[in-house]
Amino acid sequence: MPHPSQPPALPITESQKGLLVIDSWLPRREIYNQIIQLDVAPALPFEHIRNALAEVVAVQPALRQIFQLRPELGARLADPPSPADLPIERVVVETAEYERATGALVERLARQPIELTVGPAYRFGHLSTRDGTGARILLCLHHVVCDGLSLGPLVRDLEAALAGDRPRTAPEALRTEREQALLRELTAQQRASAPDRVLPLVKTWAERLRAVPPLVLSPRPHRPTEPGYRGERIAWTLDDRETTAFEETCRALAVSPFVLLTGVFGAVVARHGGVPTVLIGSPFSARRTVGAFDLCGYFVNTLPITVDVTWQSTVAEFLGTSVRAAVDFCRSSAHVTFNQVVAEVQPDRPGSRNPLFGCMLAMQDTHEQATGGAVTAVREPANGWAKFDLWLGATRVDGRTWLLELEYDTALLAPTVAEGILHSLRTALNRAAEDRTRPLADLFVDFPPPAAPPPAHVRPAEHRTLQEWVMATARRQPGAVALAEEGKQLTYQELVAAAGRVAAGLRRSGVTAGDVVAVATDGLCDTIVAVLGILRCGAAFVSLDPALPEERLATMARIARCRIVVGKGIDVPGVRTVDPTEFVADGPQTIPTDAEAHPAYVMFTSGSTGVPKGVLMGQRPLINLATWQLDALRQDENTRFFQYAPMSFDVCYQEILPTLASGGTVVSREPADRRDFPALVRRVADTRVTHLFLPAAGLRPFALSALGLRASLPHLRYVCVSGQQLVLDDDIRRFFTGLTDCALVNLYGPTETNAVTVHHLTGDARRWPSHVPIGRPMPGVVAYVVDQTGHLAPPGVPGELYLGGDCLAEGYLNDPERTAAAFLPDRFAGTADARMYRTGDLVARDEDGVLVYLGRRDTQVKVRGHRVELGEIETVANGVADVREAVAVARPAGSDVELVLFVHPEDGRRVDHAAVRAQLAAALPGYMMPAWIFDLSYVPTSGTGKTDRAALAARADGLVAQATADRPDRVPTYADETQRELAALWADILEVDTIPADVSLLDCGAHSLNAFVAFAEIQHRFGVTVDVATFFRNPTVAALADLVRARGATART
Amino acid sequence: MSSTLADFDAAIATYAIGSFDDTTLLPEAGIDSLSLLRLAVRFAGTEDAEIDAARLVEIRSVGDLKAWLHQLASTPSSGGAPSDGR
């Protein structure tokens, strides 16, 4: 019977609309091409197969859908194709080539885009061996016309057509019947998901979804914001024992395999993402009419299952109660469409990726092939594209066991990170089955940390104590210059003699081994003489800066139980000040026999209660650090180490003592002021410094000054930095490119351990990363990354850094309580008396085992649910013309926080804020855009040279308050007609009166779905296609107008 | 079509693992949501019969299942729905 020439319009489901939107935004049209591989009886002739496939298309109307995007999303049905017109590629190969040829054919079919608005939404392949021993049919269908449950109807129809046992007129009748069934199903679905029926449910659901923290797998600075879409799969098949345990667990907890896998996968994702709650997407069948179970089609709603992971709850409670309830909720809400949820949640992650979740679980157990038909096996091979950050497919194998496949986006996850996830999955699944009463955290085990590199190049420590080491140098090269100040220098012989006089004087004053003696001297020579004299007594030194408030000095002296200060200008009751020039009598050149048992220094760090903590550092970790340093920084008698750090900052140790141990010269910073970078550069150049150690915040000003002065620094071999995250920009790279043979060394270590990890940057500076890792632990140091389950983290998993081995301070001076809280028994060491220090710093190991700093555990900046590394914003802003230094801070704004960027201009220049905004918008996602930009005449720093963000945050509050008061209510103005028209178009869609050109459309209610409508309209009116990802990086009318004009110009040329 | 409780038991047995009675919970009997749908399609009175997802979630035991199948077989619309995860 002929069909009418104008095919009837067909409603499409909301899920189809959602998929069309996502599909249209992807950078490639072929990502949703699905491949189904069917092994068929080899004897069937090709013609027969082609006729049968044509019949399948005829009786499965969904395959014949041709879609339209405007004026509204919809579809029509094409007429059935004649067998001759069927798009089918035929391949005949030798048996030996069969599998390889299958892969190649899958690739060819999957890689070609399917044009949904033109049709058809399918193409086929037929592969057979020349000797007639094997034959395969490959179906390549766009996902928008088929789902997992479609496999059964497709295979049944194909087998019926191949068997040829239907009456000749039957396909015609079946076609009509199926078209009616499709219409009935679509109507039923639309009725079930009618807004008035689902809206209350969606609203409460959306509220809960908004509370779920963002999930970032393998967090790291400069992680791509857009996926790469290339997918890799890794797999694990449960063995017999594992399968039995899996099924037994399901039965014992009365949960389905789906619930068990959702729970375990959810816990794995939570562990690896470092969050307590995750959303796992999964397709839920939305078929409503019984007749639809014979239809192929996209009848699923992909919904987010909220998996709440309470690490202390038992496996049984978690799976049997919490996860089961979450899955049941989605099952009973399967009529709610993904679009409805997205529209209500309005997630701030638009763009081409799924706006709600990055992880997906798909049960691939929908089809169990019956025996006896022409189709002997059914498979769904990967198409090479990753549709999610991470996808878990669970396939029933031979009706017996399970194949678990992880597919990951290779741009977002490294292979070792994905392997770590699979390792966690396998461990967790097995351990869940092993003991259902264990806490969730114990589903996981410690991931073995990377082996330390062989310590072959590290020489053994030459001496037990620092003072012995320095005295040995003095005996070896008495006339060499140990200390160089402007206009004054001390040879090793003079240094040791002077230190001996100080020691003798101190002993006469009653100082004994184990005491703490303060230093408040001027000038490098006097200071080092005092320090060595104190050490010679077996006492520890502590620096007291006369500039500090009296009360603070008194507190420090009290905590340190310090009775004597060498130097001047300190007036603290109970503390006697002695002038080092008074020490004129020589004393014995000896040190206490048990000197290595006595600590070397006390450094104060700020405590959260306002009372400083005195870190008491022993000799052994310092000897370990010096031993590493002499090798790693190639220190010897030619070393000239610049002494920049204040004596109250532990870096001073690395500048001074290893240099004196190696026979080199410590060079005084003075007369250059610590913050006068041009003067510092000149001093470094004039004194032929070889080693320089700066606070990380000082590197850029130093580099800029050196570049500005065109300073020649041919002697400089090592620039070390520490103190905060090292962020490199092109200026710093340019500085190092101009130096020959100078390495940049990034060190990390809290005062409680001194430096413990290190990352060397050498070679072509232009290739150095902007966010420099903190590197690997030094020999003798153990770095533990402890994730939220309390276990050692696999690569890519954020965790808190704990430090063990030969680096720990004795503790906080005279403060056993705080010492016990921070210095814990090292449960990973395997020995009873080992200790470790809890840093409070969040880190992750990258795929190579290198530690990457992620932020402070307690002060991580989170903006609109996104984790933000302030340094990333600063790096981009530093690249803008006339910016000397940019500092970003976060300040509270309503229930969220907003970002404020301070820019410190180059001397005599003004920073163009619009240029800063433009550059930030081009490089960073919208949530990283600062709400405010202010000029800064200087960057405030703390006493140790770190950027004082607290001071800037306080300043931001005042500046924002003032700016808000000054800002008049604005009537939007537009630069041109394009802006005006786009603003009107958006105002129409968002149902608002006006939209200013420079306001984020997201703040006005734009999201991925209504943006789709807007873009279709823009395509219609302006004839240009706007790139979605680009738009969402700076979603304003002004930026959109620029894009439209740029595209228009390209289209015309 | 008129189906008896014995028909239901026989059909359920083709999806179940091991023995069961009316009090057996579905996961214990190895019956997943997909099996429920297959049973529904088998016993539904008409092609137009609709399956309501919310209802399906409430079916916990073999007894619940039989009651639901009975209802589905005798009236042209009711039921429950989804195969999860597909």
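The axes of helix α12 (residues 466-476) of chain A and helix α16 (residues 619-632) of chain A come within 10 Å and cross at roughly 40 degrees. Helices here are DSSP runs of H or I with at least four residues, strands are runs of E with at least two, and both are numbered from the N terminus. An axis is a line fitted to C-alpha atoms, for helices over the stretch in contact, and angles run from 0 to 180 degrees between N-to-C directions. So α12(A) and α16(A) are oblique to each other; under 35 degrees would count as roughly parallel, over 145 as roughly antiparallel, 65 to 115 as roughly perpendicular, and the rest is oblique.

Who does the touching? On the α12(A) side, the contact (heavy atoms within 4.5 Å) is made by A:Leu466, A:Gln467 and A:Trp469, and on the α16(A) side by A:Gln619, A:Leu622, A:Ile623, A:Ala626, A:Thr627 and A:Leu630. These residues divide into six nonpolar, three polar and no charged. For that sorting, Ala, Val, Leu, Ile, Met, Phe, Trp, Tyr, Cys and Pro count as nonpolar, Asp, Glu, Lys and Arg as charged, and the others, Gly among them, as polar.

Before going on, bear in mind that this is a predicted model: local features need pLDDT of at least 70, side-chain atom pairs count only at pLDDT 80 or more, and totals for chains, interfaces and linings use all residues. Residues are numbered from 1 along each chain as its sequence is written, chains are lettered from A and ligands numbered from 1 in the order in which they are written, and side-chain values use heavy atoms, with hydrogens and water left out.

Helix α16(A) also packs against helix α17 (residues 651-662) of chain A, at an angle of about 70 degrees with the axes 10 Å apart. That makes α16(A) and α17(A) roughly perpendicular to each other. Among the residues in this contact are A:Trp628 and A:Gln629 of α16(A) and A:Tyr653 and A:Pro658 of α17(A). The contact of α16(A) with α17(A) divides into nine nonpolar, three polar and no charged residues.

Now for the two chains together. In all, 33 residues of chain A are in contact with 29 residues of chain B. Between them, the chains bury about 2700 Å², 55% of it on carbon and sulfur atoms; buried area is the accessible area (1.4 Å probe) that two parts lose on being put together, summed over both. A:Arg288, A:Val290 and A:Arg331 supply 27% of the area that chain A buries against chain B, more than any other three residues.

A salt bridge is a side-chain nitrogen of Lys or Arg within 4 Å of a carboxyl oxygen of Asp or Glu. One of them joins B:Arg60 and A:Asp328 (3.0 Å, N to O). Another links A:Glu248 and A:Arg251 (3.8 Å, N to O). Being three residues apart in helix α7 (residues 240-253) of chain A, A:Glu248 and A:Arg251 are separated by about one helical turn.

Most residues other than glycine have a negative phi, and most peptide bonds are trans. A:Ser218 is not a glycine, yet has a positive phi of about 55 degrees.

| Cis peptide bond | Omega |
|---|---|
| A:Gly119 and A:Pro120 | about -5 degrees |
| A:Glu670 and A:Pro671 | about 15 degrees |

A:Pro120 is found in the loop between α3 (98-111) and β6 (122-129) of chain A.
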